[in-house]
Structures are given as C-alpha cells and as structure tokens.
Amino acid sequence: MTTLLIVDDSKLARIVLGKAVAALQPEWTRVEAGNADEALARIADGAVDLAILDFNMPGRNGLDLAEELRAAHPSMPIALATANVQDEIIARARDADVSFIAKPVTEDSVRGFLSGAALKLRSTRT
C-alpha cells in the first residue's frame, strides 16, 4: 500500500489535489496536513511514502519542509506545488531533489510526478 501526504493550508487545495491523485492512483491512500508541523507529526506516525507540499503556508514554507524531509528521508519522492513560479524557488527545489508542480494543480500537472514516484517506490520495494 502506498500513502501520499498532501500538505497545504488550504482545505480546498487539498481536496482538488486529492481528487487529481485519486483519478490517477485510486489505490493509494491519501492523508492530509494543514502545515509543516502537522506534516512532520503525520510522517512520525509512519507509513508515508511520498509527499506533495504547498509552498506558501503559515509558519514554515513548503520548501523548508521539503529540505527537512529530504535530510531525514533521502529516497522519499517529494513535490512542491505552488503558483509562485520563481527561478530561485525552482532552483532550490531542484537542489533538494524535489519535483516542482505548478498550480493550479490538474491531473496532467501531477501525472509526471506520480508516475515517477510509483516507479521509484516499486524499485525500492523489490
């Protein structure tokens, strides 16, 4: 079983992203967090295989969270979803080996990340 963590302070954004993921990977379990601290608590509870993080959140932003997750979970597929398409943010995401998903999120915009993550997770489990 694969579990995806969706982290966004907007419940509507979590719903939209969850629907896109459900259409592409209906067998995956989706869990949600509204900020970085909730996300870390969810991951500490275990069984999170991959994460999609919003960039703009109160407290810690998604890129800072992604870098912290990358340090603790080097092989976890992580994506940063944001409408804030700035070269500096994209470069930091790449440096942290974090995929970039432009908002608004659609099935097409998450398809590549989910496909790559599914392959990566399969290869690490065999």
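## Overall dimensions and fold

For a protein of 126 residues, a compact globule would have a radius of gyration near 14 Å, and the value of 13 Å found here agrees with that. The model is a predicted one. Its C-alpha trace spans about 35 × 30 × 25 Å along the principal axes. The accessible surface comes to about 6,400 Å², and carbon and sulfur atoms account for 51% of this area. Buried residues make up 45% of the 126 residues.

The protein contains 5 helices and 5 strands, which follow the pattern β-α-β-α-β-α-β-α-β-α along the sequence. Of the contacts between residues at least 6 apart in sequence, 66% join residues at least 24 apart.

In soluble globular proteins, nonpolar side chains tend to be buried together. The largest nonpolar core in this model has 23 residues, and those with the most contacts inside it include Leu-5, Leu-53, Ile-78 and Val-98. At least two residues of this core come from each of strands E1 (3–7), E2 (29–33), E3 (50–54) and E4 (78–82), and likewise from each of helices H2 (36–44), H3 (62–72) and H4 (87–95). Helix H3 gives the most, with 4 residues.

Beyond its neighbours within four places in sequence, Ile-78 is in contact with several residues, among them Ala-51, Leu-53, Ala-66, Leu-69, Val-98 and Phe-113. Another core, of 18 residues, lies apart from the largest one; Ala-20, Ile-101, Leu-114 and Leu-121 are among its members.

## A nonpolar surface patch

Leu-12, Ile-15 and Val-16 form a nonpolar patch on the surface, with about 260 Å² of accessible area together. Leu-12 is located in helix H1 (residues 11–24). This leucine has a relative accessibility of 58% and therefore counts as exposed.

## Salt bridges

Side chains of opposite charge can pair when their charged atoms come close. A search of the whole structure finds 8 salt bridges. In the pair formed by Glu-68 and Arg-60, the closest N and O atoms are 2.5 Å apart. Both residues are partly exposed, Glu-68 at 38% relative accessibility and Arg-60 at 24%.

Arg-92 and Glu-67 form a salt bridge with a closest N and O distance of 2.8 Å. Because Arg-92 lies in helix H4 and Glu-67 in helix H3, this pair ties together parts that are 25 residues apart in sequence. Within helix H5 (residues 107–125), Asp-108 and Arg-111 are 3 residues apart, so about one helical turn separates them; their closest N and O atoms are 2.9 Å apart. Asp-108 is exposed at 59%, whereas Arg-111 is partly exposed at 37%. Asp-8, Asp-54 and Lys-103 are linked in a network of salt bridges.

How values were computed: Residues are numbered from 1 along each chain as its sequence is written. This is a predicted model: local features need pLDDT of at least 70, side-chain atom pairs count only at pLDDT 80 or more; totals for chains, interfaces and linings use all residues. Side-chain values use heavy atoms; hydrogens and water are left out. A nonpolar core is a set of buried Ala, Val, Leu, Ile, Met, Phe, Trp, Tyr and Cys residues joined through side-chain atoms within 4.5 Å. Buried means under 20% relative accessible area, exposed over 50%, partly exposed in between (1.4 Å probe, protein chains only). Contact means heavy atoms within 4.5 Å. Patches are made of residues with over 30% relative accessible area and no salt bridge: like charges are joined within 9 Å, nonpolar side chains (Val, Leu, Ile, Met, Phe, Trp, Tyr) within 5 Å. Accessible areas come from the Shrake-Rupley method with a 1.4 Å probe; for residues, only the protein chains shown count as cover. A salt bridge is a side-chain nitrogen of Lys or Arg within 4 Å of a carboxyl oxygen of Asp or Glu. The radius of gyration is taken over C-alpha atoms; the globule rule is 2.2 Å times the number of residues to the power 0.38.
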